[in-house]
Amino acid sequence: MTNDSTEVLPPVSEPASAPAPTTNGDSPHYWNADLPVIETRGLTRTYGGGESTVRALVDVSLTVGPGEFVAIMGHSGSGKSTLMNLLGLLDVPDAGAYLLDGVDTSSLRGDELAQIRNRKIGFVFQSFNLITSMSALANVELPMAYADVKRSERRRRAFAALGLVGLTNRASHRPSELSGGQLQRVAVARALVNTPALILADEPTGNLDSTATAEVLDVFGELNQTGRTIVLITHEADVAARAGRIIQMSDGRIVSGSVPAGATGMGIAPVGAAGAWSPTTALGALP
Amino acid sequence: MLTSALRSIRANLTRAALTLLGVLIGVGSVILLLGVGSGASAEVVSQIAGLGTNTITVSAGMSRGATSFQDLTVEVAEAITPDNAPDVIAVVPEVSTSATVAYGTVSTSATVIGTTPEYFSVTNSPLAQGTAFQAADAAGARQVCVLGADLAYDLFGADDAVGRQLMVGGAPFTVYGVMKVKDTTGGSSGNSSLVAPLTRVQRSLTGYGSLSSITLQAASTAVVEAAASEATYAIAEALRIDAADATFRVTTQEQLIETSTEATSSLSAMLAAIAAISLVVGGIGVTNIMLVTVSERTREIGIRKALGAPWAAIAGQFVIEASLLSLTGGLVGVAGAWGLSHIAILGTRPVISLASVWLALGVSVGIGVIFGGYPALRAAAMKPVDALRHE
Ligand SMILES: Nc1ncnc2c1ncn2[C@@H]1O[C@H](COP(=O)(O)OP(=O)(O)O)[C@@H](O)[C@H]1O
Ligand SMILES: [Mg+2]
């Protein structure tokens with residue numbers, strides 16, 4: 001990672017709802033500063049109706065703290081993607097509550113959800129989901145276009161993000177001119193360019209060979225080092241091993257790992273507030 | 001949003017070209033076909049107007065029994081005077097008959113018109129060669145004549161006709177002049193007629209009976225109707241009948257134009273129907289391609305929504321894209337129609353009206369925007385997860 005890009009991209013998101021983290025234990029805003037990024041209670045999602053009903057997600061309660069790197073594992077069809085779509089506000093649950101970075105999402109609609117996705121979430125998909133008619137740079141600029149960032153600023157930050165994933169020299173290439181690993185790195189650059197609170201990745205290495213997988217995972221590792229919260233879905237154990245915590249899913253339920261193992265756990269040291277964050281206090285913030 | 005629309009048009013040039021073609025053909029053919037229709041009627045109107053817009057024709061009507069026999073005679077024509085018809089500035093009596101015209105070994109049948117020297121100015125029949133006969137020729141019933149352009153050519157070919165002597169129904173006539181070629185749609189067979197002094201034609205060919213018609217010239221276009229009604233009363237008085245019982249017809253050029261326009265309007269209606277069909281076909285083409293575009297790009301819409309695009313941004317992009325395409329196609333169609341309008345179609349030069357341009361542009365662009373935009377609006381309203389799953 002270059003110095004240049006760290007200047008341009010603040011290492012951690014600073015959501016309006018959560019003031020800058022403080023070490024002062026007496027501050028009345030103390031717990032608020034370390035609000036979990038993800039806090040769900042009883043999330044349920046059912047597809048279809050009648051005899052063909054599929055209960056893809058059943059009563060999922062999950063907490064992810066700021067700065068965590070969490071891997072979600074489980075068999076195919078266990079509900080991982082369904083969960084990610086709900087966490088990413090791409091879909092709405094049939095029941096349950098979801099607080100994203102302190103914002104209750106259950107009452108939000110269409111454009112409000114779009115704005116939250118734009119500001120707080122960065123997506124990385126298995127099939128890349130880049131827009132094929134646009135250059136790598138234009139793809140990376142897109143989230144900022146919807147955030148009303150000025151054109152010159154957009155260009156500058158998009159270049160910086162491409163630099164972060166080592167693709168500055170491919171900025172003007174179309175997706176059809178890039179390899180799988182490069183495509184996914186462009187997607188990662190796009191996911192982080194708006195400095196979101198959360199990066200969601202659904203089997204990001206599922207279509208990549210081992211070299212490209214290593215490259216992409218290295219980028220995720222670096223991002224987590226700078227304090228970004230990452231939720232990564234995978235069914236490969238060695239990929240999951242890069243994460244600080246592993247959530248196991250089966251038949252639409254979380255089998256293990258739904259809350260951080262503890263303040264001293266591997267990936268959950270929140271930036272600037274080591275050990276201070278507690279899931280119990282955070283849960284109290286739910287309506 | 002505009003650059004984004006332009007980029008996606010550039011990325012799918014074939015599709016854009018097809019859309020454009022659909023609109024282009026729709027708009028172009030509507031404008032052109034409507035143009036042919038109005039071109040045809042404009043031609044008829046201008047031919048009739050070429051006869052003079054302030055002329056009035058009086059012709060004998062069908063006689064309904066002996067009691068109401070209303071004969072147009074020279075006396076009747078002379079009864080129309082500046083006193084009883086102040087808006088009439090010229091009265092041109094005409095007799096017409098068919099006769100054999102011969103020069104040397106060439107002989108042909110022609111319409112012989114006997115009239116006064118004012119005939120040439122009132123019926124807008126200028127001479128190409130020679131001179132018209134004068135009042136003195138008419139008074140003296142001289143055996144002189146003026147030929148229509150076709151008749152002169154039939155008899156003399158490229159040779160000069162002026163001064164030659166030819167035989168009309170067995171009597172020798174000297175050619176004074178040849179008329180210019182006239183438009184013939186007005187019904188007059190002016191190009192193959194022979195015009196001679198009324199007195200001479202009556203004496204040699206028709207006898208002193210009734211006239212075929214009387215052509216009147218009004219002082220100006222504005223007083224044509226007044227002149228027509230004055231003439232009607234003057235003639236009725238000369239015939240000693242009530243004007244309400246008149247069976248002779250007094251026809252203004254305007255009425256003649258109206259009658260002829262009615263004839264061409266059925267042609268126009270047919271062309272308009274064909275035009276409407278091509279507009280609909282063009283519109284269906286645009287719609288089809290736009291529907292394909294949106295379903296192909298639902299995934300892109302899903303990606304954009306995932307990245308936080310608000311509904312308006314997505315809807316706006318597709319609507320701008322559809323408008324851009326159909327407007328460009330429409331403008332090219334207008335240009336194409338304008339270009340083709342310089343070529344005669346169905347024997348007529350199309351006259352493009354601004355109204356047809358607006359109509360065609362409006363309908364095509366409307367179809368493009370509505371049918372291109374509507375599916376996009378629907379896709380923009382989808383849940384992002386559904387749009388992303390779209391293959
Ligand atoms: N759109 C859908 N319609 C109907 N069933 C679905 C849909 N999406 C997922 N499912 C079903 O829900 C279950 C969980 O799917 P998914 O979340 O994609 O699992 P995973 O990502 O873990 O493989 C599966 O049984 C799947 O068939
Ligand atoms: Mg999946």
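# Two chains of a predicted model

Leaving aside residues up to four places away in sequence, Gln202(B) touches Val74(B), Val95(B), Gly207(B), Tyr208(B), Gly209(B) and Leu211(B); a contact means heavy atoms within 4.5 Å. Gln202(B) belongs to helix α7 (residues 198–206) of chain B. Helices (H or I, at least four residues) and strands (E, at least two) are DSSP runs, numbered from the N terminus. With a relative accessible area of 5%, Gln202(B) is buried. Buried means under 20% relative accessible area, exposed over 50%, and partly exposed in between (1.4 Å probe, protein chains only).

This is a predicted model, in which local features need pLDDT of at least 70 and side-chain atom pairs count only at pLDDT 80 or more, while totals for chains, interfaces and linings use all residues. Residues are numbered from 1 along each chain as its sequence is written, chains are lettered from A and ligands numbered from 1 in the order in which they are written, and side-chain values use heavy atoms, with hydrogens and water left out.

## The chains in numbers

The table gives totals for each chain. Accessible areas come from the Shrake-Rupley method with a 1.4 Å probe, and for residues only the protein chains shown count as cover.

| Chain | Buried residues | Accessible surface | Share from carbon and sulfur atoms |
|---|---|---|---|
| Chain A | 55% of 287 residues | about 12,000 Å² | 51% |
| Chain B | 47% of 391 residues | about 17,800 Å² | 61% |

Chain A has 10 helices and 10 strands, and chain B has 13 helices and 10 strands. For contacts between residues at least 6 apart in sequence, 72% of those in chain A join residues at least 24 apart. In chain B, 79% of the contacts between residues at least 6 apart join residues at least 24 apart.

## The six-stranded sheet of chain A

Strands of a sheet pair through backbone hydrogen bonds, either parallel or antiparallel. Two strands are counted as paired if DSSP finds at least two bridges between them. In chain A, six strands form an open sheet with mixed pairing, in the order β6-β7-β8-β3-β9-β10. Its edge strands, each pairing on one side only, are β6 (121–124) and β10 (253–256) of chain A. From one strand to the next, the twist averages 25 degrees.

Strand β8 (residues 229–233) of chain A is largely enclosed by the rest of the structure, because five of its five residues are buried. From β8(A), Thr229(A), Val231(A) and Ile233(A) point one way, while Ile230(A) and Leu232(A) point the other way.

β8(A) pairs with strand β3 (residues 69–74) of chain A in the parallel sense over four bridges. Leu232(A) in β8(A) stands opposite Ala71(A). Strand β7 (residues 198–202) of chain A also runs parallel to β8(A), and five bridges join them. Here Asp202(A) stands opposite Ile233(A) of β8(A).

β7(A), helix α8 (residues 210–225) of chain A and β8(A) make a right-handed β-α-β unit. A crossover is right-handed if, with the strands pointing away from the viewer, the path from the first strand over the helix to the second runs clockwise.

Ile121(A) has Leu198(A) in β7(A) as its bridge partner. Helix α4 (residues 110–120) of chain A lies across β6 and β7 of chain A at about 80 degrees to β6(A). Helix α7 (residues 180–192) of chain A also lies across β6 and β7 of chain A, but runs at about 170 degrees to β6(A). Axes are lines fitted to C-alpha atoms, for helices over the stretch in contact, and angles run from 0 to 180 degrees between N-to-C directions.

## The four-stranded sheet of chain A

Four strands of chain A form an open sheet in the order β2-β1-β4-β5, with antiparallel pairing. Its edge strands are β2 (54–64) and β5 (103–104) of chain A, each pairing on one side only. Strand β4 (residues 95–100) of chain A is joined to the antiparallel β5(A) by two bridges. Asp104(A) in β5(A) is the bridge partner of Leu99(A).

## Helix α6 of chain A

Helix α6 (residues 151–164) of chain A has 14 residues and reaches 20 Å from its first C-alpha to its last, close to the expected 20 Å at 1.5 Å a residue. The expected span is 1.5 Å times one less than the number of residues. Buried residues of α6(A) include Arg154(A), Arg157(A), Ala158(A) and Ala161(A). Just after α6(A), Gly166(A) takes a positive phi of about 75 degrees.
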